[in-house]
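These are my notebook entries on one protein model.

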Amino acid sequence: MQIEDTRAIFTAIFAGSIVLANVLAAKLTWVELPVIGGVAVPAGFVAFGVAYLASDLLVEYHGREYAASVVNGTVITLVVAYTLVFVAIWMPTAPFYDGQTAFVATLGDSASIILASVVALAIAQHLDVRLFSNLKSRTGGRHRWIRNCGSTAVSQGVDTVVFISLGFAIFPALGLGGEPTWGWALLSIIVGQYLVKLLVALLDTVPFYAVTEVVEQKA
(Lines give C-alpha, C1' and ligand atoms only; values in the text may rest on other atoms or scores of the structure.)
Protein backbone atom coordinates (compact mmCIF):
# COMPACT_ATOMS: atom_id res chain seq x y z
CA MET A 1 0.00 0.00 0.00
CA GLN A 2 1.36 3.39 -1.02
CA ILE A 3 1.05 6.23 1.48
CA GLU A 4 -1.11 8.17 -0.98
CA ASP A 5 -3.56 5.25 -1.02
CA THR A 6 -4.30 5.84 2.67
CA ARG A 7 -5.77 9.29 2.03
CA ALA A 8 -9.23 8.04 1.04
CA ILE A 9 -9.22 5.33 3.73
CA PHE A 10 -8.39 7.64 6.64
CA THR A 11 -10.75 10.32 5.33
CA ALA A 12 -13.67 7.89 5.10
CA ILE A 13 -12.97 6.43 8.54
CA PHE A 14 -12.80 9.91 10.09
CA ALA A 15 -16.02 11.20 8.54
CA GLY A 16 -17.90 7.96 9.08
CA SER A 17 -16.81 7.71 12.73
CA ILE A 18 -17.87 11.29 13.48
CA VAL A 19 -21.35 10.85 11.99
CA LEU A 20 -21.78 7.44 13.63
CA ALA A 21 -20.56 8.75 17.00
CA ASN A 22 -23.32 11.36 16.99
CA VAL A 23 -25.92 8.69 16.23
CA LEU A 24 -24.57 6.36 18.95
CA ALA A 25 -24.59 9.23 21.43
CA ALA A 26 -28.36 8.71 21.72
CA LYS A 27 -27.50 5.86 24.12
CA LEU A 28 -25.85 6.54 27.47
CA THR A 29 -23.50 3.83 28.71
CA TRP A 30 -22.17 3.39 32.25
CA VAL A 31 -18.44 3.28 33.02
CA GLU A 32 -16.98 2.58 36.46
CA LEU A 33 -13.91 4.70 37.24
CA PRO A 34 -11.56 4.37 40.23
CA VAL A 35 -12.25 6.91 43.02
CA ILE A 36 -14.95 8.74 41.04
CA GLY A 37 -17.22 5.74 40.61
CA GLY A 38 -19.74 5.29 37.82
CA VAL A 39 -20.21 7.91 35.12
CA ALA A 40 -22.71 8.10 32.28
CA VAL A 41 -21.02 8.53 28.90
CA PRO A 42 -22.54 8.70 25.40
CA ALA A 43 -21.98 5.33 23.71
CA GLY A 44 -20.32 7.11 20.80
CA PHE A 45 -17.13 7.79 22.78
CA VAL A 46 -15.35 4.81 21.18
CA ALA A 47 -16.28 6.05 17.70
CA PHE A 48 -14.92 9.48 18.61
CA GLY A 49 -11.67 7.80 19.63
CA VAL A 50 -11.48 6.17 16.20
CA ALA A 51 -12.11 9.57 14.59
CA TYR A 52 -9.25 11.17 16.51
CA LEU A 53 -6.99 8.29 15.49
CA ALA A 54 -7.93 8.80 11.84
CA SER A 55 -7.38 12.58 11.99
CA ASP A 56 -3.93 12.05 13.53
CA LEU A 57 -3.06 9.64 10.74
CA LEU A 58 -4.25 12.18 8.17
CA VAL A 59 -1.91 14.81 9.59
CA GLU A 60 0.91 12.28 9.88
CA TYR A 61 0.84 11.29 6.21
CA HIS A 62 -1.07 13.99 4.34
CA GLY A 63 -0.35 17.19 6.20
CA ARG A 64 -2.12 19.75 8.32
CA GLU A 65 -3.86 21.57 5.47
CA TYR A 66 -5.47 18.45 4.05
CA ALA A 67 -6.54 17.23 7.50
CA ALA A 68 -8.09 20.63 8.25
CA SER A 69 -10.03 20.48 4.97
CA VAL A 70 -11.34 17.02 5.93
CA VAL A 71 -12.50 18.42 9.29
CA ASN A 72 -14.36 21.23 7.49
CA GLY A 73 -15.96 18.77 5.10
CA THR A 74 -16.99 16.51 7.97
CA VAL A 75 -18.60 19.39 9.86
CA ILE A 76 -20.69 20.11 6.76
CA THR A 77 -21.46 16.39 6.44
CA LEU A 78 -22.68 16.30 10.04
CA VAL A 79 -24.97 19.27 9.46
CA VAL A 80 -26.38 17.60 6.34
CA ALA A 81 -26.84 14.32 8.25
CA TYR A 82 -28.79 16.06 11.01
CA THR A 83 -30.91 17.82 8.38
CA LEU A 84 -31.74 14.51 6.70
CA VAL A 85 -32.64 12.98 10.07
CA PHE A 86 -35.14 15.75 10.77
CA VAL A 87 -36.55 15.48 7.25
CA ALA A 88 -37.14 11.77 7.95
CA ILE A 89 -38.82 12.64 11.27
CA TRP A 90 -41.03 15.20 9.52
CA MET A 91 -42.16 12.76 6.80
CA PRO A 92 -45.66 11.29 7.23
CA THR A 93 -45.65 8.03 9.18
CA ALA A 94 -47.11 4.90 7.58
CA PRO A 95 -50.38 3.86 9.29
CA PHE A 96 -49.01 0.43 10.22
CA TYR A 97 -45.63 1.74 11.51
CA ASP A 98 -45.62 1.98 15.30
CA GLY A 99 -41.98 2.94 15.85
CA GLN A 100 -42.23 6.70 15.26
CA THR A 101 -42.01 7.61 18.94
CA ALA A 102 -38.89 5.51 19.46
CA PHE A 103 -37.42 6.82 16.19
CA VAL A 104 -37.86 10.43 17.30
CA ALA A 105 -36.62 9.71 20.81
CA THR A 106 -33.47 8.03 19.46
CA LEU A 107 -32.50 10.36 16.61
CA GLY A 108 -34.34 13.61 17.33
CA ASP A 109 -31.85 15.35 19.63
CA SER A 110 -32.76 18.78 20.94
CA ALA A 111 -31.41 21.86 19.18
CA SER A 112 -29.04 22.50 22.07
CA ILE A 113 -27.35 19.10 21.73
CA ILE A 114 -27.11 19.31 17.94
CA LEU A 115 -25.60 22.80 17.92
CA ALA A 116 -23.23 21.90 20.75
CA SER A 117 -21.96 18.81 18.93
CA VAL A 118 -21.31 20.71 15.70
CA VAL A 119 -19.51 23.59 17.45
CA ALA A 120 -17.46 21.24 19.64
CA LEU A 121 -16.48 19.14 16.62
CA ALA A 122 -15.26 22.15 14.64
CA ILE A 123 -13.23 23.61 17.52
CA ALA A 124 -11.75 20.42 18.96
CA GLN A 125 -10.83 18.72 15.69
CA HIS A 126 -9.10 21.79 14.30
CA LEU A 127 -7.22 22.07 17.58
CA ASP A 128 -6.21 18.41 17.35
CA VAL A 129 -4.88 18.88 13.82
CA ARG A 130 -2.91 21.98 14.81
CA LEU A 131 -1.45 20.46 17.98
CA PHE A 132 -0.48 17.20 16.28
CA SER A 133 1.27 19.09 13.48
CA ASN A 134 3.11 21.39 15.92
CA LEU A 135 4.22 18.52 18.16
CA LYS A 136 5.48 16.56 15.17
CA SER A 137 7.49 19.57 14.04
CA ARG A 138 8.89 20.28 17.52
CA THR A 139 10.01 16.67 18.04
CA GLY A 140 11.48 16.37 14.56
CA GLY A 141 9.11 13.55 13.70
CA ARG A 142 10.34 11.41 16.59
CA HIS A 143 8.38 10.03 19.55
CA ARG A 144 5.10 9.43 17.80
CA TRP A 145 3.36 8.76 21.11
CA ILE A 146 3.91 12.37 22.21
CA ARG A 147 2.04 13.91 19.30
CA ASN A 148 -0.62 11.21 19.29
CA CYS A 149 -1.39 11.29 23.04
CA GLY A 150 -0.71 14.98 23.56
CA SER A 151 -2.89 16.33 20.77
CA THR A 152 -5.77 13.95 21.47
CA ALA A 153 -5.72 14.45 25.25
CA VAL A 154 -5.88 18.24 24.96
CA SER A 155 -8.42 18.38 22.15
CA GLN A 156 -10.67 15.76 23.80
CA GLY A 157 -10.64 17.94 26.90
CA VAL A 158 -11.68 20.98 24.89
CA ASP A 159 -14.33 18.94 23.08
CA THR A 160 -15.80 17.76 26.39
CA VAL A 161 -15.85 21.20 28.02
CA VAL A 162 -17.34 22.91 24.95
CA PHE A 163 -19.94 20.24 24.23
CA ILE A 164 -21.16 19.77 27.82
CA SER A 165 -21.13 23.49 28.63
CA LEU A 166 -23.01 24.46 25.48
CA GLY A 167 -25.35 21.47 25.27
CA PHE A 168 -26.30 21.16 28.94
CA ALA A 169 -26.01 24.73 30.25
CA ILE A 170 -25.58 27.66 27.86
CA PHE A 171 -27.85 26.69 24.96
CA PRO A 172 -30.67 25.42 27.22
CA ALA A 173 -30.44 28.70 29.17
CA LEU A 174 -30.97 30.50 25.85
CA GLY A 175 -34.17 28.53 25.28
CA LEU A 176 -32.85 26.03 22.73
CA GLY A 177 -34.21 22.97 24.49
CA GLY A 178 -33.96 21.29 27.87
CA GLU A 179 -33.32 22.57 31.35
CA PRO A 180 -29.87 24.10 32.00
CA THR A 181 -27.46 22.31 34.34
CA TRP A 182 -25.02 24.37 36.40
CA GLY A 183 -22.49 24.12 39.19
CA TRP A 184 -21.15 20.84 40.54
CA ALA A 185 -23.58 18.77 38.48
CA LEU A 186 -22.19 20.26 35.26
CA LEU A 187 -18.59 19.93 36.44
CA SER A 188 -19.06 16.30 37.41
CA ILE A 189 -20.40 15.47 33.93
CA ILE A 190 -17.40 17.18 32.31
CA VAL A 191 -14.82 15.50 34.55
CA GLY A 192 -16.34 12.04 34.30
CA GLN A 193 -16.71 12.09 30.54
CA TYR A 194 -13.24 13.54 30.00
CA LEU A 195 -11.57 10.85 32.10
CA VAL A 196 -13.21 8.16 29.96
CA LYS A 197 -12.17 9.94 26.76
CA LEU A 198 -8.64 10.39 28.13
CA LEU A 199 -8.40 6.66 28.68
CA VAL A 200 -9.46 6.08 25.07
CA ALA A 201 -6.86 8.65 23.94
CA LEU A 202 -4.11 6.74 25.74
CA LEU A 203 -5.29 3.40 24.39
CA ASP A 204 -5.39 4.57 20.77
CA THR A 205 -1.61 4.98 20.85
CA VAL A 206 -1.37 1.23 20.26
CA PRO A 207 -3.34 1.20 16.98
CA PHE A 208 -1.60 4.44 15.95
CA TYR A 209 1.81 2.74 16.19
CA ALA A 210 0.45 -0.42 14.55
CA VAL A 211 -1.03 1.43 11.57
CA THR A 212 2.04 3.65 11.04
CA GLU A 213 4.31 0.61 11.13
CA VAL A 214 2.21 -1.22 8.53
CA VAL A 215 1.91 1.83 6.27
CA GLU A 216 5.64 2.58 6.36
CA GLN A 217 6.61 -1.04 5.78
CA LYS A 218 4.31 -1.24 2.75
CA ALA A 219 5.38 2.17 1.36
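I took contact to mean heavy atoms within 4.5 Å. The model is predicted, so I note that local features need pLDDT of at least 70, that side-chain atom pairs count only at pLDDT 80 or more, and that totals for chains, interfaces and linings use all residues. Residues are numbered from 1 along each chain as its sequence is written, and side-chain values use heavy atoms, with hydrogens and water left out.

Entry 1, Phe14 and the cores. Leaving aside neighbours within four places in sequence, I found Phe14 in contact with Ala51, Ala54, Ser55, Val70, Val71, Thr74 and Gln125. I then looked up the nonpolar cores, each a set of buried Ala, Val, Leu, Ile, Met, Phe, Trp, Tyr and Cys residues joined through side-chain atoms within 4.5 Å. Buried means under 20% relative accessible area, exposed over 50%, and partly exposed in between, with a 1.4 Å probe and protein chains only. The largest nonpolar core has 26 residues, and Phe10, Phe14, Ile18 and Leu57 have the most contacts inside it. Two or more residues of this core come from each of H1, H2, H4 and helix H7 (205-218); H2 gives the most, with 15 residues. I also recorded a second, separate core of 11 residues, which includes Ala116, Ala120, Ala169 and Ile190. Helices (H or I, at least four residues) and strands (E, at least two) are DSSP runs, numbered from the N terminus.

I used a 1 Å grid over the protein atoms alone, on which a pocket is an open set of points where a 1.4 Å probe fits, with protein on both sides within 12 Å along at least five of seven lines; lining residues have an atom within 4 Å of a point. Grid points are joined across faces, edges and corners, and a volume is the space filled by probe spheres set on the points. The largest pocket holds about 570 Å³ of space. Its lining has 34 residues, and Pro42, Ile113, Phe163, Ile164 and Phe168 lie nearest its centre. H5 gives the most to this lining, with six residues. Helix H1 (6-24), strand S2 (37-42), helix H2 (45-90), helix H4 (111-138), helix H5 (144-173) and H6 each supply at least two.

Gln156 has its place in helix H5 and counts as buried because its relative accessibility is 2%. Beyond neighbours within four places in sequence, Gln156 is in contact with Tyr52, Tyr194 and Lys197. Thr152 lies in helix H5 and is buried, with a relative accessible area of 1%.

His143 lies in the loop between H4 and H5, and its phi is near 50°, a positive value in a residue other than glycine. At 44% relative accessibility, His143 counts as partly exposed. Glu216, in helix H7, is partly exposed at 40%. Glu216 touches Tyr61 and Arg144, not counting residues up to four places away in sequence.
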